[in-house]
Amino acid sequence: VFDRISIYAMLYHDAHVAADLEQQSFRYLLGHGYQFFQDHFSGSLVRRISHLSRSAMDINEQLQGRLVPLCVAIVGILIVLFYRSHVIGWIVFGWIVAMFLYNYLYTKWKVSNDILRAAQDSKCSGFLADVLGNVLTVKLFTGIDKESKGYQQESNKLRDLRYHAWGVHTTNYSIQAVILIVVQAVALWISLRYWRAGQITAGDIVLLQSYFAILNTAILDFS
């Protein structure tokens, strides 16, 4: 029931916020001078407005659909782990803090690349929209080769930026996977020592590994 309520609330929020952002962006855009519209592709400006509303919806989805469930899971898992073993609880807590700090620094570092990629994406879309909007002029003045080469250059720039961003994203996943393996191995080694001493059960070890899998999936999904 609560899940359905939250989904309907998110739908209502996204629809209204997206509409408000697009309307405010449109009014702000019309406030620019004539030279501004001369210096920018009309298709690029349209793309920027659509990007803004879509970004707002993505942020809300991340917060409500991923961050809130992740925080609830972290609190519940830490309560269980600290109840069973303070040492293991602190290890998992330290790993969670390290992952959030790492992802925060990673996001700050890569946001400049994301801005460049979004700007180039808008530029490609604007170039394409303007050429298609004036396709008769292009055909009459035999500008097909020129416009094709121009779009190819812009598209190749976007290709390189996308490839770089996807490569960095894959490397980020790999680094977090290595960190998880190390922390998981340390936690398993300590768990086995506690198990031999009779302080925890084999079920606790299995539960700990399950918690690692749950948290790692959730953190990677959020990052």
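The model is predicted, so local features need pLDDT of at least 70 and side-chain atom pairs count only at pLDDT 80 or more, while totals for chains, interfaces and linings use all residues. Residues are numbered from 1 along each chain as its sequence is written, and side-chain values use heavy atoms, with hydrogens and water left out.

Ser191 belongs to helix 6; helices here are DSSP runs of H or I with at least four residues, numbered from the N terminus. The relative accessible area of Ser191 is 0%, which means that Ser191 is buried. The accessibility classes are buried under 20% relative accessible area, exposed over 50% and partly exposed in between, with a 1.4 Å probe and protein chains only. Now show the backbone oxygen of Ala187: the side chain of Ser191 reaches this atom at 2.6 Å.

Next, colour helix 4 (residues 86–133) and helix 6 (residues 144–196). Their axes lie 9 Å apart and the packing angle is about 170°. Axes are lines fitted to C-alpha atoms, for helices over the stretch in contact, and angles run from 0 to 180 degrees between N-to-C directions. Helix 4 and helix 6 are therefore roughly antiparallel to each other, the class for angles over 145 degrees. Their contact comprises 26 nonpolar, ten polar and seven charged residues. In this grouping, Ala, Val, Leu, Ile, Met, Phe, Trp, Tyr, Cys and Pro are nonpolar, Asp, Glu, Lys and Arg are charged, and the others, Gly among them, are polar.

Remain on helix 6 and select Gln153. With a relative accessible area of 52%, Gln153 is exposed. A C-alpha distance drawn from Gln153 to Asp204 spans 58 Å, the two being 51 residues apart along the chain.

Move to helix 7 (residues 202–222) and select Ile219. Ile219 is buried, at 5% relative accessibility. Beyond neighbours within four places in sequence, Ile219 is in contact with Leu70, Trp95, Met99, Asn103 and Gln176. The C-alpha atoms of Ile219 and Ala197 are separated by 32 Å, and these residues are 22 apart along the chain.

Finally, select two cysteines. Is each of Cys71 and Cys124 buried, exposed or partly exposed? Cys71 is partly exposed, at 38% relative accessibility, and Cys124 is buried, at 5%. Searching the whole structure for disulfides (pairs of cysteine sulfur atoms within 2.5 Å) gives zero.

Notes
Helix = DSSP H or I, 4+ residues; strand = E, 2+ residues; numbered from the N terminus. Parallel < 35°, antiparallel > 145°, perpendicular 65-115°, else oblique. Polar contact = N/O pair within 3.5 Å; in protein donor to acceptor, adjacent residues only side chain to side chain. Contact = heavy atoms within 4.5 Å.
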